[in-house]
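Thanks for coming, everyone. Let me put the model on the screen and walk you through it.

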Amino acid sequence: MPGNTGDRTRTSRASRAAAAAFALCAVLTGCSGAEDEATGTDGTVVLRYTWWGNQDRAARTEAALDLFEKKHPGIEVQTSFSGYDAYKQKLATQAAGGDAPDVMQLDYRMIDQYATGGVLLDLAGPEPQAVLDTSEFDQGLLGTGRIDGRLYAVPQGRGTETVVYDTEQWEAAGVAPPRAGWTWSEWADTMRQLAERTGRPGGTDPGQSEDAFEVWLRGQGKALYTEDGALGFTADDLTRWWTFTDGLRREGAVSAAEQTTQMDGTVENTPLGRGTAVSDYNWDAPCSGFLPLIPSGITLAPTPSGEDGTPGQYFKPSMFMGVAADTAHPEQSARLIDFMLNDPDAAEILGATRGIPVNDAIREDIAAGLTGFDRTMYDFHTSLDGKLDAPPQAPPSGDSALQTTFARDYDQVSYERMSPREAAENYVTHAKAELR
Amino acid sequence: MTTAAPTTTAAGRKPPVNRRRVALHAGCLAALLVMLYPLAWLLATSLKPADEVIASLNLLPGTLEWSNYETALDGVNDVSVGRLLSNSLLIAGGAVLGNVLSCSLAAYAFARLRFRLRGPLFAFMIATIMLPHHAVLIPQYIIFNQLGMVNTYWPLVLPKFLATEAFFVFLIVQFMRGLPRELEEAARIDGCGPFRAFRSVVLPLTRPALITTAIFTFIWTWNDFFTQLIYLFSPEKFTLTLALRSFVDASSQSSFGPMFAMSVIALLPIVLFFLAFQRFLVEGMASSGVKG
Amino acid sequence: MTTTQTSASLRRPERPAATGARRPAGRRREGAAWVFLSPWVLGAVLLTLLPMAVSLYLSFTDYDLFNPPSWVGLRNYTQMFTEDPRYWRSVAATLTYVVIAVPLQLALALVVALALKNMKRGKGFYRSAFYAPSLLGASMSIALVWRALFNDGGTVDNLLGTGGWVNRPGWALLAVALLTVWQFGAPMVIFLAGLQQIPAELYEAAAVDGASRWRRFLSVTVPMLSPVIFFNLVLQTIQAFQVFTPAFAVSAGKGGPADSTLFYTLYLYDRGFVASHMGYASAMAWVLLLVIGAVTAVLFRTSRSWVFYAFEGDDR
């Protein structure tokens, strides 16, 4: 320490400065401690609940939570939300720092990682199970949150993929609308026809989408991942898919690489959103974003099936709720989940903001009250109900990395820097390493 | 300015000087036109309706959509814009104070005082500028979490009080090295210790560097989305920069119009801060001119 | 500690000040130096050294953020150098970016600073106006503006007929670099401040000697400004190697098209936070650190021949 050397006056001055520096730290550390208490002074339990979404979802969630706090006076819920990408990173940092929120919204792709990483509580355990009722859930969907027999997350809503199109333009082109159960080759022909008659690509090049590839694979009776989390397809399968989409791109039937690359996850930046294609391949819920851009209206069509009619489409849990393994309040956390998923009043407020509810009774309850795009989505789901195979289990941890790799490797194909075969082999090698 | 030598010469040489000046201004204005075009685009977009925000290739909106601002001014997550603004100001203000204090202290030691290991420590300090901050993000988070500081402003402000931004230490060191040593020698002969010499002689002369530090710190802290995202959890602690991200979400409908409006709102305080300080920058420079 | 200090003061017996009366003062200043340094030392240990040590350790492990790290030796490093073609693409993109963005930005900042230096009227206005873009950072909104300007049929395409920039490999990197160059406010202000510190007498003396404007620039401005030029060069080079936000914003985090703007830290972020390979990301960070260190060392070495510290007395 500097104070130990030098003469006396310097010593006192130096030590005073040093003391001030340390006092500052002490104050800083001390000040913050009090705020982190999970229990309020009056014995109120404070739950942290984080999720991703937009302003509309925020408003509805806040309203529902007000109701929750009214019904459960001893519990106070602090919420926080942001866009998906920001949320994902923040949650990962929090979880890694041992600071996961009590209740968190999770994506399909996060579950395996968070569950095997010990972040999530088993919701079928005694404490949560006493208050969380899952009896009215679609059991196939519920199973997607289960790993090794433990229930780590409960699905909140379901979504499904769709070929969404500009109704007016499609009709004006005089092309027959998609029929239920159309095949991938019918889809390809339709894209060609649309391109021919409208002078712009029929749809987004689906080659970059791992989700689209999964639907195509399932149509052939295969899957992205095997049950034990290994790769469920070969480089040959992927080569065929990319050769198929790359061919359509070269013909101009689907969007050019320069258009496809501009997609950033928002519907606004898809070729359809920018007005440079007639249709898009997307999840159903985000499609509401097309409405302000295409005021004349959009239609949701099912995704193509395999050539023998095997549907590749499935209902995917659009998001889950999970509880932190180290929460101080497992019972209250489970109660919050139960409220969000099973309470009729909450359901009325929340509507379809997190996808069409998975609680069968709730789903029928809210149907009458749905309007606008929620209604469109509900009808689309109804048209598919009973025709689809059960969803695959949650993808293995490595998948969240592979999703971006998939798009990047296809970029190499669509910018004609690699052949489909080369890129597919690269991807499969990489994926196998990732899933080790 | 004493540097304008040509003005001291005969009147006959004035016209070319004026022409030069006109050309200089014309050049600057032309450059500005190009430079500020994207800003005009930003402003214009904040008034565009949803269907024009992304797809439109025109600078000016077809119809003026003032509701973008109404939505933005409603705040985010039940938190008012005023609150977001004061949060941002608190963090940026704390960061400015911290950086100016701690970096000038450290810089003085490096630039002017002798101590063991000065060379290696200086090299280490420079090395920390090179550290990609993603690499230390998780360890730092764990430390702050251990200290119970997550979801407070301390992780955003405390590092500035500990001179972790070596960039500014280096900046101030460079400036101090350029100051004439004779002033301090004189002060020392007058009986000033290093603390007095620092406070009364060196610090005033370093004002331009300190103001530069203040301006950069303010702007960079204000725009530092990443750190704020990681450490802040409660909506009522959110900043304007953080709130911006709540308008865009890939899994649902985004509100690009209001986001642009919010961007403009978030820009205003930095513009004001810069304009205010830029005056001091001039003063600071003029008054501290190194006359020897 | 006391012994070494004494020896330190003994090492400069040639200095006239080191008389018996002055020696306590030297020791006193050693103590004072540590007081001045104390906040920095605390920060360096707690927030830099410790996290760095952790990250160095992690670079030899497999760490997915959730499960405890497991030791893998040099595997991350060998995988990076021999099995990851995307890694090398990111290295190439980063080097290209450094070579394009740094000289362009510094040149522009210096030219504008020189133009404003002797301006009598409107100096404050111009300085603020030229700084304005730098106030923005690389927010999402400015990224969207950039994409609109540099897209097919965007303003740049219309004016220059180049086609879209942001959506074509080869051009996209240039568009991102221009975003950085456009925000040249920070080096400009530093240049201006440096120019302000050049004693007017030097110019007067040069004018008396009959030196031309250009001559005065070369013999007064350049040497006197050299520490500041050097400072800007080092800083901007380091920052360019670490470039993240502009590319992240403009390419929506993808580093596209076709990996052409997948800069090093973008890929590092992708490996660490998207793919949850913190060990691999840490290894990448350490390689980057060493490379930047080497480049900076080279810059410092060359600086001896061209950087001139006006009042440097007894240093080095």
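Contact here means that the C-beta atoms of two residues, placed from the backbone, lie within 7 Å. Nonpolar covers Ala, Val, Leu, Ile, Met, Phe, Trp, Tyr, Cys and Pro; charged is Asp, Glu, Lys and Arg; the others, Gly among them, are polar.

Before I go on, this is a predicted model: local features need pLDDT of at least 70, side-chain atom pairs count only at pLDDT 80 or more, and totals for chains, interfaces and linings use all residues. Residues are numbered from 1 along each chain as its sequence is written, and chains are lettered from A and ligands numbered from 1 in the order in which they are written.

Where do the domains of chain A run? Domain 1 is 45-159 + 317-384, and domain 2 is 161-313 + 398-434. Those bounds come from an automatic or database domain assignment. Taken over C-alpha atoms, the centres of the two domains of chain A are 29 Å apart.

Now chain B against chain A. This contact takes 36 residues from chain B and 44 residues from chain A. On the chain B side, helix H6 gives the largest share, four residues. Helices are DSSP runs of H or I, at least four residues; strands are runs of E, at least two; both are numbered from the N terminus. That side of chain B has 21 nonpolar, eleven polar and four charged residues.

Next, chain C against chain B. Here 82 residues of chain C are in contact with 77 residues of chain B. Which helix of chain C gives the largest share? That is helix H2, residues 23-58, with 20 residues. The chain C side has 55 nonpolar, 22 polar and five charged residues.

Chain C itself has 14 helices and two strands. Of its 316 residues, 52% count as buried, meaning 20 or more other C-beta atoms, placed from the backbone, lie within 10 Å of the residue's own.

Last, chain B. The unreviewed UniProt entry annotates transmembrane regions there, including residues 197-222 and 256-277. In the model, residues 256-277 of chain B are 100% helix, with end C-alpha atoms 32 Å apart. Residues 197-222 of chain B are 96% helix, and their end C-alpha atoms lie 33 Å apart.

Technical notes. A residue is buried if 20 or more other C-beta atoms lie within 10 Å of its own, exposed if 12 or fewer, and partly exposed in between; C-beta atoms are placed from the backbone. UniProt positions are given in the numbering used here, feature names are shortened, and annotations may be inferred rather than shown by experiment.
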